[in-house]
Amino acid sequence: MIPTSRFLLVTTTAVSSIVSAAAQAPADSVSTDIQLQEVVVQAAKVIRRPDMDVYYPAASAVEQSTNAMTLLGNMLIPSLSVNTVMETIRTAGQDVQLRINGREATMAQVKAILPQSVKRVEYIENPGLRYGDAVAVINFIVSNPDSGGALMLSAMQALTQPWGNYNADLQLNFGKSQLTLGAYGKLTHKLDMYREYSERFTYADGTSLIRDEKPLGGYVSGDFLTPSVGYSYIDPDKTTVWIGAGFTRDMNNGTCYHGLMSLSDGSDDIALTDYSMSQSTTPWASAYFERKLPRKQTLVASASMSYVAGDNLHSYLERIPGQDTDISTDIRDHNQAYRTEVNYIKQWNRSKFTAGASYSANRNRSTYRNLGNAVFHQTQDRIYLFGEYFRRIGRVNLTGGMGAQFTDIASRESGTSSHTWSWRPRFTASYRFCDAAQYRLYFQTWTTAPTLSQTNAVPQQIDGFQYRVGNPNLHPYANYRVSAYYNYSFPRVEGSLYARWGRSVDAVTPFMQWQGDKLVTSYDNGGAFTRWEITLSPQVVIVPGWLNVEGSLRFSHQKSNGSGYTHIYNGWSGDVTLMAMHWNWTFLFQYENRGGELWGETIEHGEKIGVIALQYQHGSFQFMAGMLMPFARYSYGSQLLSAYNSNKYTMRGKNIEKMLVLKISYNLQWGKQKRRATRLIDGDADVQTSKAAAR
């Protein structure tokens, strides 16, 4: 089954607001604005700090935005790709971690932020040890009314397809307390899609068979609803308390493809149906506490839990005259996740020390209905400890730290378990040559644990002769990354040039082998992955306040080693965004080529997305009309390079090409401003789910 993230294009909103990125930073306690009676001297919109870049949104950007995500896109931050069509925020081709006042947040929570409440955006390109394995972090620093409240409503609908996006958020303030209620829903009901697929099997004796699939139709679905409620209490400079709860209802999320398969050996054509669908309900609850102590000390703690009850179904049917192959995998999950975390922070004038500890646990129970309701249990426990010290010496800033992680994975039915300690050193150095240039050097490590699907030893049949079997003896593996940055800022031009090297050692990678007449995919820790990358990300103000353009161009060299194979992939990727604004009208053109990502023996070819849109702002209302894929065909695909099974898969959708969409948004707010609950850490528990094997 194709993961939901792979076809977000057909399940998410079309382009929202588009504005100029002309800089105009609002007054803020940490800004460099200097106020002398009625005179305000404004600094540049970006402030380069040792560990992050701080951006202040222009007043015009705030006025033309409907929420914090569209505001972020309007700010045109170099090296950051904000795709409001797919609702993704990425850097260097990878998703960034989102936070609100320091606490980790979802996209739905970011979309619930009023753009007027965003005071600044912190862009952390090389997160410290307390951020886990995040590639980069976007932290929205926001404030909220201390009386009254705010109401945000938004609805987007395609004109020709059952595809929509709907938001409703209410914030009520009572002195030091704040109550928030929200709901976020998406509709994608059997949206017409099809796939192009071909594969070549090479048997153990050297003979081969080619199977080409002619598409006969299909669809994708992805309906879900995420209501939530939150409460916060803030006593400024003393105590912050935050609690929240909600659930996600994921309904009929998956794909169905029909095709006619021809075989190179002259056998009869095969009519096939490949159906993958999942549904689940995931309630969650979270709590946070922060206490300011004397002498610039802070103690923070969080706890959370989540639970998922869901079904994952894959059905594969081949019809041949006189003979049918009907394969079904049906998994029911009842999985739990728990997480607690404590951090201690001590600051001095030119230095800071941070230390923390966290514990997370997953309890997974999967019932295989197709195997006579056989039940399989797995547990994962992780303990993480870290300490990090920052010191400023003139124009040089140094940070060093060490983390240690203990991981325990056990499978009850197989009687296997693994216990692993891993060390995570980290070092950064930055040097500011002048106001227009800064150099940064980073070294970091992190650990990746195997997934539930990779460790589950239950055989899953994919088609007539392909199977997938997990390996319960897998253990976590280490990842290393070295990054070098050059940030530049000149009148009308700013951006970054950076190079990265990364390596994963003893990685969990798949491998294939023939076992009689069965082609079996399994996993081991014998893999390695190396990536070299260089990226140029400029932003140019062509006409101040009217016309801006930004983008990135990236080249990567990737090498993957595994059991019996070595693959190399070189590719280009990038994106470009052009915005034009006049009075209350804005126009946007955006194109993104996500390029290819190699892992194991698979190259995943990312989506190529194009969009044009026109927007008009009138008071608290905003109206938008746009078109998806106005000039090119939509496609997403992958390629398998195995010596035993080489195949190419492409997903297409004619009905989303040149598809018209309309959107209307309404924001109403009342009351005075104050800062909302700030969370310096987040302990959200990440509950796991099973995945049925599929082509």
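A salt bridge is defined here as a side-chain nitrogen of Lys or Arg within 4 Å of a carboxyl oxygen of Asp or Glu. The structure is a predicted model, in which local features need pLDDT of at least 70 and side-chain atom pairs count only at pLDDT 80 or more, while totals for chains, interfaces and linings use all residues. Residues are numbered from 1 along each chain as its sequence is written, and side-chain values use heavy atoms, with hydrogens and water left out.

The pLDDT expresses the predictor's confidence in each residue, from 0 to 100. Its average over the chain is 84, and 89% of the residues score at least 70. Where pLDDT is low, the predicted coordinates should not be read in detail.

The structure holds 21 salt bridges. One of them joins the side chains of arginine 120 and glutamate 122, at 3.7 Å from N to O. Both arginine 120 and glutamate 122 are buried, a term for residues under 20% relative accessible area, as against exposed at over 50% and partly exposed in between (1.4 Å probe, protein chains only). Arginine 195 and glutamate 213 form another salt bridge, at 3.0 Å from N to O. This pair links distant parts of the chain, since arginine 195 belongs to strand S16 (residues 194–202) and glutamate 213 to strand S17 (residues 208–225), 18 residues apart. Helices (H or I, at least four residues) and strands (E, at least two) are DSSP runs, numbered from the N terminus. Arginine 195 and glutamate 213 are both buried. A further salt bridge connects arginine 339 with glutamate 341 (3.1 Å, N to O). Glutamate 341 counts as buried because its relative accessibility is 6%. Salt bridges with shared partners also join Glu199, Arg211, Glu318 and Asp463 into one network.

A nonpolar core is a set of buried Ala, Val, Leu, Ile, Met, Phe, Trp, Tyr and Cys residues joined through side-chain atoms within 4.5 Å. The largest such core has 28 residues, and Leu72, Leu80, Ile89, Ile138 and Phe140 have the most contacts inside it. Elements giving two or more residues to this core include helix H1 (59–63), helix H2 (68–75) and strand S11 (137–145). The largest share, 5 residues, comes from H2. Apart from this core lies another, of 20 residues, among them Leu191, Met624, Leu628 and Tyr636.

Two strands are taken to pair if DSSP finds at least two bridges between them. Strand S27 (residues 437–448) pairs with strand S30 (residues 477–490) in the antiparallel sense over 12 bridges. Within this pairing, glutamine 444 stands opposite arginine 481 in S30. S30 also runs antiparallel to strand S31 (residues 493–515), to which 13 bridges join it. Phenylalanine 490 has valine 493 in S31 as its bridge partner. The hairpin of S30 and S31 has 2 residues between the strands, and arginine 492 takes a positive phi near 70 degrees there.

Glutamine 405 is located in strand S25 (residues 396–411). With a relative accessible area of 9%, glutamine 405 is buried. Leaving aside neighbours within four places in sequence, its contacts include Arg382, Tyr384, Trp421 and Thr447.

Definitions and conventions:
Contact means heavy atoms within 4.5 Å.
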